[in-house]
Amino acid sequence: MTFLKQIGRRRFLGMLGGTALMGAVPGTLPSVQAASTASAAFTPDLEIELRAVQESIPLLPGAPTSVWRYRGKVLNGDAWAVTHHPDSPLGPVIRVHRGMRVRIHFINELPQPSVVHWHGLIVPEAADGHPRFAVGPGGRYVYEFEVINRAGTYWFHPHPHGMTGPQVYAGLTGLFIVSDDEEQALGLPAGEHDVSLVIQDRSFTRDNQLQYIGSGPGMMGMMSSMTGFLGDRIHVNGRPDYMLAAERRPYRLRLVNGSNSRIYKLAWYDGTPLTVIGTDGGLLAVPVSRPYVTLAPSERIELWVDFSARAAGETINLVSLPFVASSGGGMMGGGMMGRGMMGRGMMGGGGPAQGSAFPVLKVRMGQGAAVSEKLPGKLASIPALNPQQAHNLNAPRSIHVTSSGMRWSLNGRVFEMEGVANDEVVRLGTTEVWEFVNEAGMHMMGPMPHPLHVHGVQFRIIDRRVHPSAMAAWRSVSDGHVDGGWKDTVLVMPGERVRVLMRFESFPGLFLYHCHNLEHEDMGMMRNFLIKA
């Protein structure tokens, strides 16, 4: 059932200021819980007001586009801690240092319930953005937490049950960048040479309004929900046809996959290798080289890119290369190669099929003199991976991708607002191995990749095992995996089993694990787990 059908066309279009955005939202709207209030015992180093608002922004020639976006401002603390991308629906960039205490006043000026999830940050239960803490139109919620994460690229987005996909798609996305002393001692490119690039795909109606989930109720809308939304235009930092004007010197590029479901296989068009220095949870121990990087929804990757050898005025293209999105069977498209934005499939939003090739952005070199800098050979101290620390090494906690009819699930279960099964309880202070298993098919839809995300922890990837029948799809993306650092999301290809090591050492409470294909999450491919003291 589509959201359009549930609430009525006129009311829904009014919610988005007249856009044609259409969301697949099963069930009913979540109940609105009481908002949290500021604690007198908590003294913040940085205090921010964050509003979710409706605005119109010119993105394409002609009529402006109605969007939802975050607007932030500093109430107390460093004024430079919050910045915005000009002329973009992308939300603010919040910059903090490890150890800072942060208070954020969220104000919901949208016509739907919403809540903010601080993706990748390890924060207390009440600050994590669980759907049960969503506040309704006009509601407020106060987040308070100390930043305990390593330096890295994190982000924030809505997390109301059944409405995460449409709200993120409407524009509600922001960045949360953490620094620390270890990182600052490296002398990596900083300031204007430290560039964040949020990659998303979008589709538009003829009057420049966002269009989402097929064309309405029926088979096409259902199939869009099952495979995930795929737009027909690539936006970077909220803008189409993105061009980065760069100097001829090294840069730090922070790449964020903010798309609802699209997976990117990112490479330079001329085949120049990529030097990776960080992943979801911050810097690697040492730089690694990859021919391309595979970036699933919500994953982040940090690159050290030396433009000093490029010619003045040269233009360099970052592209997404083709890959096989399915292990065979079903109607999932993939691997369709072509020029530009092509390879359109019948799934998603009418955009290039999952696994198609297309351009992402351009970098144009300036005319100034080249500047050379050396990348340090050692980046960060990361403990050696030691699965023997886990009490369940010989019997991992298994999370199986499952399906029934036209619905994805986890271990045969779908989301319950406060439901926790007996095998979803973990003990605070323990270390565990979790195994994500993607061996499910979906009748005519066939098997497909799933990016699986765990709240409340960062984890290490132990190993990947692939069924022989699924090797072609896996090999088409495997050289782009960067598994040596800390992660909070892992792409699990069809036929693949991935073991990860995680320690539950920070906070007790109810947290989430789910597929970060947002259409899958909204249909209930999400579960609670309880960290019990």
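Which backbone oxygen lies 3.0 Å from a polar atom of the side chain of Arg-150?

## Setting of Arg-150

It is the backbone oxygen of Leu-283 that lies 3.0 Å from a polar atom of the Arg-150 side chain. This is a predicted model, in which local features need pLDDT of at least 70 and side-chain atom pairs count only at pLDDT 80 or more, whereas totals for chains, interfaces and linings use all residues. Residues are numbered from 1 along each chain as its sequence is written, and side-chain values use heavy atoms, with hydrogens and water left out.

Arg-150, in the loop between strand 7 and strand 8 (strands being DSSP runs of E, at least two residues, numbered from the N terminus), is buried (under 20% relative accessible area, 1.4 Å probe, protein chains only). Arg-150 has no salt bridge (a side-chain nitrogen of Lys or Arg within 4 Å of a carboxyl oxygen of Asp or Glu), and the nearest side chain of opposite charge, Glu-182, is 4.4 Å away.

## Aromatic pairs

The structure holds 21 aromatic pairs (ring centres of Phe, Tyr or Trp, the last by its six-membered ring, within 6.5 Å; planes under 30 degrees apart are stacked, over 60 edge-to-face, the rest tilted). The rings of Phe-145 and Phe-176 have centres 6.1 Å apart and planes at 50°, so this pair is tilted; it links strand 7 to strand 9, across 31 residues. Both Phe-145 and Phe-176 are buried.

The rings of Trp-268 and Phe-307, with centres 6.3 Å apart and planes at 75°, form an edge-to-face pair.

Definitions and conventions
Helix = DSSP H or I, 4+ residues; strand = E, 2+ residues; numbered from the N terminus. Buried < 20%, exposed > 50% of the residue type's maximum accessible area, 1.4 Å probe, protein only. Lys, Arg positive; Asp, Glu negative; His and termini not counted. Polar contact = N/O pair within 3.5 Å; in protein donor to acceptor, adjacent residues only side chain to side chain.
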